[in-house]
Amino acid sequence: MKTKTALAVLAALGGADAFWRMECHGTVGVARIDPLVNPGEVAQHVHAIHGSSGFSETATYEDLINGQCTSCAVRQDKSAYWAPALYFQHDDGTFEYVNQVGGMLAYYFLNTNKAPNADQQIVAFPKGFRMIAGDSLRRNYTVGNPREADPEKSRWAALGQTTQGDLEQRALGFNCLNYKKDPEGSLARHYLPEKEYLDQNCADGIRIELMFPSCWNGKDLDSPDHKSHVAFPDLVMDGGCPPGFPVKLPGLFYETIWDTGAFTGKPGRFVLSNGDVHGFGYHGDFIMGWEDGVLQKAVNTCTNPSGKIYDCPIFDIQPRHEEESCRMQTPVMLKNEMVVGKVGAGLPGGVMIQEGPAPATAKHPVSETASVSIPTVTYTPGVKPTGTLNLPGQILHETTSSTSSSADIQALAQPTTTPAPIPTPEDDGKYSIVRTEYITEGNVVNMIVVKEAVEYVTVTSTTVLAPKARRHLHRHGRRHHH
């Protein structure tokens with residue numbers, strides 16, 4: 001993939017503020033696993049998972065830190081980062097996994113507090129810390145008129161729009177990527193545009209953005225809803241922490257680019273793995289997995305304005321091919337589930353599409369026909385910030401570090417080699433793909449594709465599958481580069 005004009009997604013932070021972006025080029029797994037919401041059992045929907053190979057349905061800090069590898073660039077970071085996968089529903093009703101482009105970026109913003117707790121120092125996530133941002137069951141936007149841009153941040157409090165529920169909705173963004181245009185602002189659009197708009201305006205895909213709470217109550221490593229022990233500052237990405245949350249944490253911000261452009265011209269629609277076609281229910285999960293003491297040391301010392309992990313001497317950076325080859329152990333109960341490529345006539349797990357505006361249900365309901373009104377979208381360049389704050393709706397603009405360049409920045413989001421997602425094996429039309437497995441021999445990755453013959457028998461409108469498994473080997477000579 002050719003390097004295009006610079007992608008203005010980085011924050012130029014001055015004074016005491018700083019940041020770095022954790023590059024997670026590899027996807028450690030794509031599966032219905034969620035140790036926070038569904039510990040010890042199969043999760044409701046599929047997640048794209050990055051980080052430690054020790055991830056599992058019961059993962060703890062100890063499990064992550066003892067993992068054999070991480071799909072992120074820094075070896076000392078074996079945290080787990082995961083969020084819903086994106087699928088495309090063809091007009092015949094079948095679903096297909098949408099590939100990621102370049103994996104995921106996890107920004108660590110070191111934004112100091114504003115009044116009344118401006119002197120509070122940033123504290124690293126402690127061992128055992130876990131949290132969720134967003135609400136998987138949300139199917140509507142309730143903060144003002146979604147057809148209009150967010151009001152000025154200075155007016156949020158006067159408008160009564162600084163509750164945690166309000167800020168949570170504004171912590172989500174769907175950034176239309178077209179590198180021939182000026183970039184949109186981060187967190188400026190809070191819903192997934194319809195496919196027609198994506199086809200016409202977003203040639204380089206959609207970047208889904210998610211900000212996590214960065215204020216902590218200072219005592220609980222988790223909470224029953226995995227949210228109540230943390231809170232957003234009053235400007236989402238920056239600002240003052242609310243009462244009861246005196247401890248300032250690093251501001252965690254996920255960015256994932258999905259290759260929606262691969263489906264340009266094909267009739268259908270995009271849908272998240274949790275059955276959400278509008279994106280209001282996008283969310284992310286995090287379990288801290290940094291080696292003891294490393295994250296706090298990085299918070300205190302990694303303040304190079306470039307935001308590049310390579311500019312921090314504390315970090316042990318691994319070659320990119322090691323990131324991309326890291327895999328978790330898929331539970332036996334999920335090994336045969338089709339979650340990538342063409343997955344069949346329904347979302348994995350039988351998840352039904354629930355359009356809203358009422359909240360979705362955690363269990364699988366009967367398919368509904370109600371819908372929520374979505375505004376007509378427009379492409380609006382983001383506002384360039386005038387100060388050092390990171391604010392929703394603004395461009396996280398480039399830095400002027402002598403150690404970074406526009407080409408370097410763009411290369412992070414657009415790899416010159418094959419993107420990080422799991423390769424999609426060819427479908428010959430005679431057999432359905434059951435699963436793929438990978439065996440690495442030196443610098444060659446062998447992809448084993450397990451297929452099954454499928455016979456369809458129609459009985460009172462019910463499709464019955466009669467699988468007959470067979471195995472064959474695709475050998476892909478993939479040279480590792482770093």
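Which cysteine does a disulfide join to C176? The legends below answer this and describe further views. The model is predicted, local features need pLDDT of at least 70, side-chain atom pairs count only at pLDDT 80 or more, and totals for chains, interfaces and linings use all residues. Residues are numbered from 1 along each chain as its sequence is written, and side-chain values use heavy atoms, with hydrogens and water left out.

**View 1. The disulfide between C176 and C202.** C176 is joined to C202, with an S to S distance of 2.0 Å; a disulfide here is a pair of cysteine sulfur atoms within 2.5 Å. The torsion about the S-S bond of C176 and C202 is about -115 degrees, so this disulfide is left-handed. The pair links distant parts of the chain, 26 residues apart: C176 is in strand β9 (residues 172-176) and C202 in the loop between α3 (195-201) and β10 (206-211). Helices (H or I, at least four residues) and strands (E, at least two) are DSSP runs, numbered from the N terminus. C176 and C202 are both buried, where buried means under 20% relative accessible area, exposed over 50% and partly exposed in between (1.4 Å probe, protein chains only).

**View 2. The disulfide between C24 and C72.** The S to S distance of C24 and C72 is 2.0 Å. Their S-S torsion is about 95 degrees, so the disulfide is right-handed. C24 lies in strand β1 (residues 18-24) and C72 in the loop between α1 (61-65) and β4 (80-84), so the bond ties together parts that are 48 residues apart in sequence. C24 is buried at a relative accessible area of 1%, and C72 is buried at 0%.

**View 3. The disulfide between C302 and C312.** The sulfur atoms of C302 and C312 are 1.7 Å apart. Both cysteines lie in the loop between α4 (294-301) and α5 (320-325), so the pair ties together parts that are ten residues apart in sequence. C302 has a relative accessible area of 5% and is buried; C312, at 5%, is buried as well. The disulfide count comes to five, and with the bonded cysteines of the protein numbered in sequence order, the pairing is 1-3, 2-10, 4-5, 6-7, 8-9.

**View 4. An open sheet of five strands.** The strand order is β2-β3-β4-β16-β8, with antiparallel pairing; two strands pair if DSSP finds at least two bridges between them. The edge strands, β2 (29-31) and β8 (130-134), each pair on one side only. Strand β3 (residues 47-51) is joined to β4 by five bridges, and G51 stands opposite A80 in β4.
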